[in-house]
Amino acid sequence: MANASTNENQNEKLIRLLEEQLAHSNKQNQELSKKLDKALKQNEALSEQLRQLTKLLYGSKTEKSKYNVPDGQGSLFEDDPSFNETEHTVEQSQQIITYTVVRKIQKKKRNDSLRDDVEVETIHHHPDNIIYDCCQHQMIEIGGTIVREEAKFIPAKMMKVQHIEHAYECKICKSNSTHPAQIKRGKAPQPAIQRSIASPSVLAKVIYDKFSQYLPLYRQVKEWDRYGLNTNDKNLSNWVIRASHDWLLPIYERMKVLMMDKSLLHVDETFGQIINRSDGKSGQTNAYNWVFRSVPSQGPIITLFKSSLSRARSVLESFIEGFSGTIICDGYSAYDKIEGVTFANCLAHVRRYWLKVESKNGQIGVKYCDDLYRLERQFKHLSPSKRRKKRQKYSKPIVEEFLDWVEKSPFYGKNALAKAAEYTLNRANGLKAFLMDGRIEIDNNPAENAIRPSVVGRKNWLHSVSEAGAKANAICLSIAETAKANGIDFYQYLLKLLTDLPNLDIHRDPEILKQYMPWSKMIQAECGKKPYI
């Protein structure tokens with residue numbers, strides 16, 4: 001009996017031990033399963049990230065939908081690589097069919113021409129000898145034919161302009177002690193930069209080449225040397241900074257006052273680089289260029305840039321101080337929680353997220369966006385009030401259906417689909433803003449287009465050495481883009497400002513600047529772009 005009892009105890013211990021081992025093994029299996037699921041999800045996310053990076057590096061950069069083509073029908077063979085290979089046939093047909101195709105010769109339209117106002121130089125070509133060989137009589141002209149027209153380029157030339165002030169006095173009054181002596185002296189106009197060789201035309205050319213032609217100052221040095229002006233990039237930089245601070249900044253500040261009186265703004269930002277920073281950070285740290293653009297429904301277009309060391313909300317708050325209304329922007333967190341300001345979000349950014357999704361759900365998301373854009377093209381030329389009514393009737397149901405579909409769909413994780421869904425839902429209120437106001441655009445593309453010159457310029461001049469230089473860049477870009485938006489020749493506008501403003505008391509009478517806004521009648525008449533043929 002004792003042996004039986006001992007055996008039972010040992011069996012029970014063995015069973016408990018095996019149960020504990022089984023439980024431990026099950027727990028390990030569960031943990032390994034979780035790790036495996038996590039690894040699989042991470043692998044899927046990394047694979048998708050790799051596809052996106054590969055597409056970004058080697059793929060097309062267009063935002064046109066790959067799900068839609070103009071006629072609404074995709075290629076039947078685009079997914080089968082075998083249709084892209086050269087056909088190999090064993091036997092070639094021996095039958096040869098020859099035929100002739102008669103094509104009507106069409107006169108090709110020229111894509112190059114000269115404006116009507118270009119000066120014409122005529123060169124006449126006569127025979128070397130006009131004596132007829134047979135009878136030795138002199139021949140008479142019976143007509144002429146224009147055999148060709150060509151464009152002739154006359155290089156610019158440098159001139160030294162000396163301003164001489166002449167003094168005059170009256171000899172009779174000078175000899176008569178009862179008459180006070182009087183001297184009259186001619187007065188030269190004030191220069192744009194005191195004690196500088198740079199004239200308004202040179203300054204305008206330097207600024208125009210940098211901010212319209214994106215030609216860095218160090219590259220301009222050789223060109224100026226070829227014309228006969230010996231200088232260096234440091235001098236050119238100082239000229240741009242001085243001219244911007246003294247004469248372009250008052251125009252910039254006047255534009256800013258007018259902009260803050262409006263109730264709608266497009267805002268965007270892009271990074272830049274400033275070498276010598278006042279905050280002690282490395283020159284490799286990103287600085288930022290902010291762009292602010294008004295809308296056509298509220299008067300002449302104004303585009304202003306602001307250079308800053310950071311992307312913080314405080315930069316935005318300081319610039320728009322006094323502004324009250326709606327800001328159209330992307331989904332960056334700085335565009336939020338500012339007193340007196342509501343934010344409308346950009347559908348183009350939402351569409352980009354869905355365009356990255358390589359699945360049927362991605363096609364659905366892009367289609368919702370494309371349907372809204374299709375309606376916007378129809379409403380483009382309507383007044384704001386009529387456009388609002390059309391949006392309420394046709395666009396609002398699409399927006400609500402789109403957001404409802406995203407909210408009810410089980411999109412989760414870290415893949416492109418989940419990111420697109422999260423981005424869309426987090427900005428649902430901002431995406432509905434355009435439905436309530438016909439003046440609000442559906443996207444922030446006007447700001448993105450306005451900031452493009454800053455990005456192109458960054459690729460050429462790379463960085464600003466100082467914060468003063470970055471500020472001058474922002475001022476010049478603002479004048480350039482506002483002039484372009486209002487149909488003004490930027491070079492002629494600069495020449496007008498730098499010639500007139502130094503000789504006007506603009507600080508004592510700022511109202512003078514009204515006449516020098518790009519949309520003023522005087523500037524439109526004198527600096528408006530000439531029509532091309």
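Which side chain does a polar contact of 2.9 Å join to that of aspartate 500? The points below take up this question and some other features of the model, which is a predicted one.

1. The partner of aspartate 500 is tyrosine 516: their side chains are joined by a polar contact of 2.9 Å. Aspartate 500 belongs to helix α14, which covers residues 490–500. Its relative accessibility is 19%, so aspartate 500 counts as buried, given that buried means under 20% relative accessible area.

2. Glutamate 376 is placed in helix α8 (residues 360–379). Because its relative accessibility is 8%, glutamate 376 counts as buried. The side chain of glutamate 376 makes a polar contact of 2.8 Å with the side chain of arginine 391. When neighbours within four places in sequence are left aside, the residues in contact with glutamate 376 are Arg387, Arg391, Ser395, Phe434 and Ile442.

3. Helix α5 spans residues 233–260 and has a kink of about 55 degrees at leucine 248, shortly before proline 250. At the start of α5, the backbone nitrogen of lysine 234 has a side-chain oxygen of asparagine 232 within 3.1 Å.

4. On the surface, a nonpolar patch is formed by Leu14, Leu17 and Leu18; together these residues have about 270 Å² of accessible area. Leucine 14 is part of helix α1, residues 2–58. With a relative accessibility of 47%, leucine 14 counts as partly exposed, because that class lies between the limits of 20% for buried and 50% for exposed.

Key
Residues are numbered from 1 along each chain as its sequence is written. This is a predicted model: local features need pLDDT of at least 70, side-chain atom pairs count only at pLDDT 80 or more; totals for chains, interfaces and linings use all residues. Side-chain values use heavy atoms; hydrogens and water are left out. Patches are made of residues with over 30% relative accessible area and no salt bridge: like charges are joined within 9 Å, nonpolar side chains (Val, Leu, Ile, Met, Phe, Trp, Tyr) within 5 Å. Accessible areas come from the Shrake-Rupley method with a 1.4 Å probe; for residues, only the protein chains shown count as cover. A salt bridge is a side-chain nitrogen of Lys or Arg within 4 Å of a carboxyl oxygen of Asp or Glu. Helices (H or I, at least four residues) and strands (E, at least two) are DSSP runs, numbered from the N terminus. Buried means under 20% relative accessible area, exposed over 50%, partly exposed in between (1.4 Å probe, protein chains only). The bend at a residue is the angle between axes fitted to the seven residues ending there and the seven starting there. A polar contact is a pair of N or O atoms within 3.5 Å; within protein, one must be able to donate a hydrogen and the other to accept it, and residues adjacent in sequence count only if both atoms are side-chain atoms. Contact means heavy atoms within 4.5 Å.
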